Amino acid sequence: MSAPSPSSGPPIIFDAARRAARLSRAERRFPDADFLHLRAADNAVNSLEVILREFQTPVDLSPHPGVFARALADSPARERVAQVRAVGSTAERAAPGAGPLGLEDGSADLIINLLGLHWANDLPGALSQIRRALKPDGLFVASLFGAATLKELRGVLTEAELEVNGGAQARVSPFADGFDGAALLQRAGFALPVTDVDRVTVRYGDPFALMRDLRAMGETNVLAGPIRPLSRAVLARAAQLYAERHAEADGRIPATFEMVHLAGWAPHESQQKPARRGSAKTRLADALGVREQTGEED
């Protein structure tokens, strides 16, 4: 696929319709594989527990709405957060930023998105929409999968397909680098951005159990363009490679999931701001009680 012209917008990496179909298919089985979403929800709720303020108009933009509300119900923070409203159809939640959010500008004081933004073709654009939907001093809390996610599966599928077919398609989505989180939030206009990376290793009996969980989460391949089905020969060779390269002493295989947690505030004049450059009244060397190094040789 050729690169788009500057006027045609961001490249189309993911097929929004395919992603919506995968998400709809996963709804029935999602409770069997919701453990990562529960972990992300617990992280979001823990963040709210230390923020001693009320949120009257919270909105959940997650692809699987309701997980956050259930986690909140078991937290002391529930006393400070009004009933959480889910917004958008399955198709709208499947492809964040592809169209309008369905929220008026400045209409929410808390927006949550759990493990959905890694499917955005235009992540900076999606974040900008979310920031505009927040009231001044409103809070955005999100989690998305990061670059190390499914690194083992990505490697063995590529190698197996090259061996069997002489060529390989991308089978695992490209994920955002966690170190870019704060910069992305700032670019979208958020204040006081915070980002953290949580790497989780899940152990499976075989790669096919991992793939079943991915289908139940709605996290299978939705890259744009034609997708050639994986043959039995490729899958068998990938399973063999996975065992050879990654199996642990008990024969189980690890699968890495890297979750990038983000938080940022819609700007407001009451927020803490960094000190003006050159405004310090005490030298850092004096505050630390050390001799200042000028860079000159004695």
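This is a predicted model: local features need pLDDT of at least 70, side-chain atom pairs count only at pLDDT 80 or more; totals for chains, interfaces and linings use all residues.
View 1. Start here to get your bearings before moving in. The protein has 298 residues, and buried residues make up 44% of them. Look also at how the chain meets itself: among contacts with a separation of 6 or more, 85% are between residues 24 or more positions apart.

**View 2. The largest pocket and the residues that line it.** The space in this pocket comes to about 490 Å³. Its lining is made of 24 residues, and those closest to the centre are Arg 171, Met 211, Thr 220, Asn 221 and Leu 230. If you sort the lining by residue type, you will find 14 nonpolar, four polar and six charged residues. Three helices each supply at least two residues of the lining: helix 1 (16-26), helix 6 (151-165) and helix 8 (207-217). Which helix gives the most to the lining? That is helix 8, with three residues.

View 3. Is the histidine at position 261 buried or exposed? His 261 has a relative accessible area of 5%, and because the cut-off for buried is under 20%, it counts as buried. One, of 2.6 Å, joins the side chain of His 261 to that of Ser 143; another, of 3.3 Å, joins it to the side chain of Asn 43. Setting aside neighbours within four places in sequence, His 261 is in contact with Ala 40, Asn 43, Ala 142, Ser 143, Val 194, Thr 195, Asp 196 and Asp 198.

**View 4. Strand 3 and the strands it pairs with, strand 1 and strand 4.** Strand 3 takes in residues 108-114 and is mostly covered, with seven of its seven residues buried. Strand 1 (residues 58-60) runs parallel to strand 3, and three bridges join the two. To find this pairing, look for Asp 60, whose bridge partner in strand 3 is Ile 112. Strand 4 (residues 134-145) also pairs with strand 3 in the parallel sense, here over six bridges. A handy landmark for this pairing is Leu 110, which stands opposite Leu 139 in strand 4.

Technical notes. Residues are numbered from 1 along each chain as its sequence is written. Side-chain values use heavy atoms; hydrogens and water are left out. On a 1 Å grid over the protein atoms alone, a cavity is a set of points where a 1.4 Å probe fits but cannot get out, and a pocket is an open set with protein on both sides within 12 Å along at least five of seven lines; lining residues have an atom within 4 Å of a point. Grid points are joined across faces, edges and corners, and a volume is the space filled by probe spheres set on the points. Helices (H or I, at least four residues) and strands (E, at least two) are DSSP runs, numbered from the N terminus. Ala, Val, Leu, Ile, Met, Phe, Trp, Tyr, Cys and Pro count as nonpolar, Asp, Glu, Lys and Arg as charged, and the others, Gly among them, as polar. Buried means under 20% relative accessible area, exposed over 50%, partly exposed in between (1.4 Å probe, protein chains only). A polar contact is a pair of N or O atoms within 3.5 Å; within protein, one must be able to donate a hydrogen and the other to accept it, and residues adjacent in sequence count only if both atoms are side-chain atoms. Contact means heavy atoms within 4.5 Å. Two strands pair if DSSP finds at least two bridges between them.
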